[in-house]
Structures are given as C-alpha cells and as structure tokens.
Amino acid sequence: MPTRKPLLPHVARRTAAWCGVLLLVAGVAAVAVWLVVALKTAVTPVLLALLGTALLGPVHRWLTAHGVNRSVAAGLTCAALVAVGGGAGYIVVTALVDTGDQIVASLKDAAQWVIDHFDIEGVADVDDLAENAENLVGRFGASAAGGLLTGISVIGSLVTTAVLALLLTFFFLRDSDRAGHLAHTIAPRGTGDLVEAMGRRAFEAVEGFMRGTTFIALIDALCITVGLLILRVPGAVGLGALVFVGAYIPYLGAFISGAVAVLVALADRGLVIALWTLGVVLAVQVLEGHVLQPVIQSRTVQMHPAMVMIALTAGASVAGLLGMLLAVPLCAAAFGVIGELRKDYEAGGTAGLVPGGS
C-alpha cells in the first residue's frame with residue numbers, strides 16, 4: 001500500500017505544533033493570573049510570606065543547626081522580623097514624615113524653576129496648580145466621611161494581610177523540612193525528584209534575590225544619605241529612606257528616588273549642588289551595577305534589564321505597586337524553574353527516574 005503524502009510539509013507541522021504549545025502555555029498563564037487577581041486577598045499574604053521566608057531562611061537554619069527547636073527558632077525569627085522590620089519601618093516613616101513637607105516644597109520650587117528657565121508655555125504657575133487642587137478638595141469635601149471610611153478599611157486590610165503573612169511565615173519556616181516530602185506527594189508518579197529540584201531552585205532564586213536586594217538597598221541608602229549630608233541637601237535622611245524603599249523596585253525605583261534627590265538639591269542648593277548630587281547618585285548606581293550586584297547576587301538568576309522592565313510593567317498592570325514589588329522575584333523563580341527543566345532535558349530527562357523516586 002503506497003504511503004500517503006503528508007498534507008502539510010514538515011516545517012509547517014512543526015510550526016503548528018509550537019504554536020499549539022505556546023497557545024496552551026498562554027492560556028494556562030492567563031487563567032493563573034485571573035485566579036491570582038480574583039483571589040488576591042488570599043494570595044497576597046502567601047506571596048509575602050514566601051518572600052519573608054526566603055529572607056529569613058538562613059537565620060532559621062542557623063538557629064536549628066545550633067540545637068534550637070524548629071518551632072522556637074521560627075518564633076524567634078518572626079519576632080526578630082517584627083522588631084527589625086518595625087524599627088526600620090519606623091525610621092523610614094519618621095524620616096519621610098519629618099522631611100516630607102520640606103521635600104515637597106523643594107520639588108514645587110524645582111518645578112517652578114524648570115517652568116521659568118525653560119519658558120514652557122501653556123503650563124500654569126505651580127502656586128495656581130496647588131490652589132486649584134485645594135479648591136477641588138474643598139468642593140468635594142462632602143465626601144470626606146466616605147473617604148475616611150475607605151481609608152480605615154484600607155488600613156484594616158493592610159494590617160490583616162500583614163498579620164496573616166507573619167503567621168504564614170512562621171509556619172513556612174517551621175515546616176520547611178517537609179517541603180521535599182510534599183513535592184513527592186503532589187507530583188505525578190516518577191517526577192517527584194524533578195518537582196523537588198524545581199521547587200528548591202525557584203526558592204533559592206527568590207532567597208538570593210531578597211537577601212541581595214536588601215543588602216544592596218541598605219548600601220545604596222547609606223551612600224546616598226552620606227553624600228546628601230555632605231552636600232547639605234535638605235531632607236537627606238528622608239531621601240535616603242526613599243532610596244532604600246525604591247531599591248526593591250529595580251531600575252525604576254532607583255531612577256525615581258535619584259531624580260527626586262536631584263530636584264530637591266536643585267531647588268534648595270542651586271544648579272552646582274544639583275550636579276554634584278547627580279554625580280553622587282550616578283556613582284552609587286555604577287557601584288551597584290558593576291560591583292554590588294555581580295558580587296552579592298552572583299548566585300541568583302540574572303535577568304536582562306529589558307526583561308526586568310517588562311516584568312515590572314506586567315506586575316503594575318495586574319496588581320499596581322504590590323505587583324511591581326512581587327514581579328521580579330516571581331520572574332526569578334520562573335527562570336530558576338526553567339533552568340532546572342533545561343538541565344534535566346540536557347541530562348536526558350532522568351531527574352525524575354531515579355530508583356525509588358515517587
């Protein structure tokens with residue numbers, strides 16, 4: 001019986017197969033994102049707890065290695081997180097509150113300086129803009145009670161999310177030794193080792209990202225604060241706190257916080273000091289990009305800046321500021337999983353076929 005000739009050439013069939021795979025992956029990803037958005041009240045504490053576990057994991061492992069009970073070690077680690085995080089948060093918020101009016105006034109003066117010196121037409125005076133904003137607020141003052149209730153609801157939601165994330169962090173730390181068994185339990189038969197390896201690689205990527213980013217943010221904030229104090233830029237401590245917080249949003253956070261520092265220096269200290277401030281910010285960014293990141297984050301998943309920006313944009317479109325904070329670590333975890341799959345593929349797909357694997 002003669003062999004029937006395929007309807008489509010080999011290249012067309014391979015292209016169609018890859019298109020089908022891409023459509024399937026895109027569909028699954030879309031459903032996953034939709035579920036995350038729909039269940040964000042439950043998903044957000046879990047993601048924050050995973051980030052907290054990644055950041056505190058080394059401390060918990062050090063305590064358990066020195067004979068401390070796992071539950072006690074998890075409790076001490078979470079207590080340390082509350083103490084350190086609360087203290088740091090108090091310092092940051094206090095610095096921003098104490099110098100916030102000064103920074104805003106300086107930004108206002110800088111905006112007016114730009115309008116005057118560049119002779120921008122069609123732009124209202126900054127004082128007029130501020131007055132219009134006050135009139136707008138007064139016009140809608142009747143809805144202040146509703147806004148107050150909304151603010152109280154938001155604060156209550158944030159407190160609830162923080163408490164739930166802290167409790168989940170405690171349980172994740174305490175029961176982290178059971179993660180391997182859980183991977184073998186839920187994985188399809190014969191793939192337990194591969195699923196466990198992917199989970200460990202993803203968590204290692206997030207762990208490295210969190211530790212490295214926190215350390216780099218601290219160094220950036222200290223260097224820029226010292227530079228601003230030397231240049232006698234007003235609100236130096238608050239601007240340093242802004243740099244520390246912004247460092248958790250790669251590239252974009254550093255750009256915004258650096259631009260604010262330069263504008264404040266321009267408004268209060270003049271063009272020469274603003275240029276010196278720009279030099280300090282650029283020097284710190286060069287130090288971060290060429291020394292700190294290669295040394296501190298050398299063991300994490302390295303992503304191209306374009307990929308980071310795409311992740312930030314996608315995270316902002318899905319979940320706003322929280323999405324921007326979570327986008328990069330989640331992408332680091334995804335790249336870790338892809339790297340583990342690629343390694344297993346190059347090894348012949350034997351990771352899940354070890355004798356005794358579930």
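Start at leucine 228, which is in contact with Val233, Ala236, Leu239, Ala261 and Thr277, leaving aside its neighbours within four places in sequence. Contact here means heavy atoms within 4.5 Å. The model is predicted: local features need pLDDT of at least 70, side-chain atom pairs count only at pLDDT 80 or more, and totals for chains, interfaces and linings use all residues. Residues are numbered from 1 along each chain as its sequence is written, and side-chain values use heavy atoms, with hydrogens and water left out.

Leu228 belongs to a core. The largest nonpolar core has 16 residues, and Leu228, Val233 and Leu239 touch the most other members. A nonpolar core is a set of buried Ala, Val, Leu, Ile, Met, Phe, Trp, Tyr and Cys residues joined through side-chain atoms within 4.5 Å. Buried means under 20% relative accessible area, exposed means over 50%, and partly exposed lies in between (1.4 Å probe, protein chains only). Helices α7, α8 (236-246) and α9 (252-296) each supply at least two residues of this core. The most come from α9, with 9 residues. A second, separate core has 15 residues, including Phe209, Met210, Leu312 and Met324. In soluble globular proteins, nonpolar side chains tend to be buried together.

Alanine 236 sits in helix α8. Its relative accessible area is 4%, so alanine 236 is buried. Leaving aside neighbours within four places in sequence, alanine 236 is in contact with Thr225, Leu228 and Leu229. Valine 226 is 10 residues away from alanine 236 along the chain, and their C-alpha atoms are separated by 8.1 Å.

Now step back to the whole chain. It holds 10 helices and 0 strands. Both are DSSP runs, numbered from the N terminus: helices are H or I with at least four residues, strands are E with at least two. Of the 358 residues of the chain, 29% count as buried. Take the contacts between residues at least 6 apart in sequence: 73% of them join residues at least 24 apart.

How do the helices pack? Two packed helices are described by the angle between their axes and the distance between the axes. Axes are lines fitted to C-alpha atoms, for helices over the stretch in contact, and angles run from 0 to 180 degrees between N-to-C directions. Angles under 35 degrees count as roughly parallel, over 145 as roughly antiparallel, 65 to 115 as roughly perpendicular and the rest as oblique.

Take α2 (residues 40-65) with α10 (residues 305-346). They pack at an angle of about 50 degrees, with axes 11 Å apart. The two helices are therefore oblique to each other. Their crossing is left-handed; that is, the near helix is turned anticlockwise from the far one by less than a right angle, while clockwise would be right-handed. Thr44, Leu47, Leu48 and Leu51 of α2 make the contact with Leu322, Leu326, Pro329 and Leu330 of α10. These residues divide into 7 nonpolar, 1 polar and no charged. In this scheme Ala, Val, Leu, Ile, Met, Phe, Trp, Tyr, Cys and Pro count as nonpolar, Asp, Glu, Lys and Arg as charged, and the others, Gly among them, as polar.

Helix α2 also packs on α7. Their axes come within 8 Å and cross at roughly 85 degrees. That makes α2 roughly perpendicular to α7. Residues of α2, among them Leu50, Leu51, Ala54 and Arg61, meet residues of α7, including Phe203, Met210 and Thr214. By class, this contact has 8 nonpolar, 3 polar and 3 charged residues.

Histidine 60 also lies in α2. Its relative accessibility is 2%, so histidine 60 counts as buried. Leaving aside neighbours within four places in sequence, histidine 60 is in contact with Arg70, Ala73, Ala74, Thr77, Leu173 and Arg174.

Helix α7 (residues 192-230) has another partner, α6 (residues 179-186). These two pack at an angle of about 135 degrees, with their axes 8 Å apart. That makes α6 oblique to α7. The crossing is right-handed. Gly180, Ala183 and His184 in α6 meet Gly192, Asp193, Val195, Glu196 and Arg200 in α7. The contact has 2 nonpolar, 3 polar and 3 charged residues.

End in α10, at glycine 323. At 8% relative accessibility, glycine 323 counts as buried. Leaving aside neighbours within four places in sequence, glycine 323 is in contact with Gly315 and Ala316.
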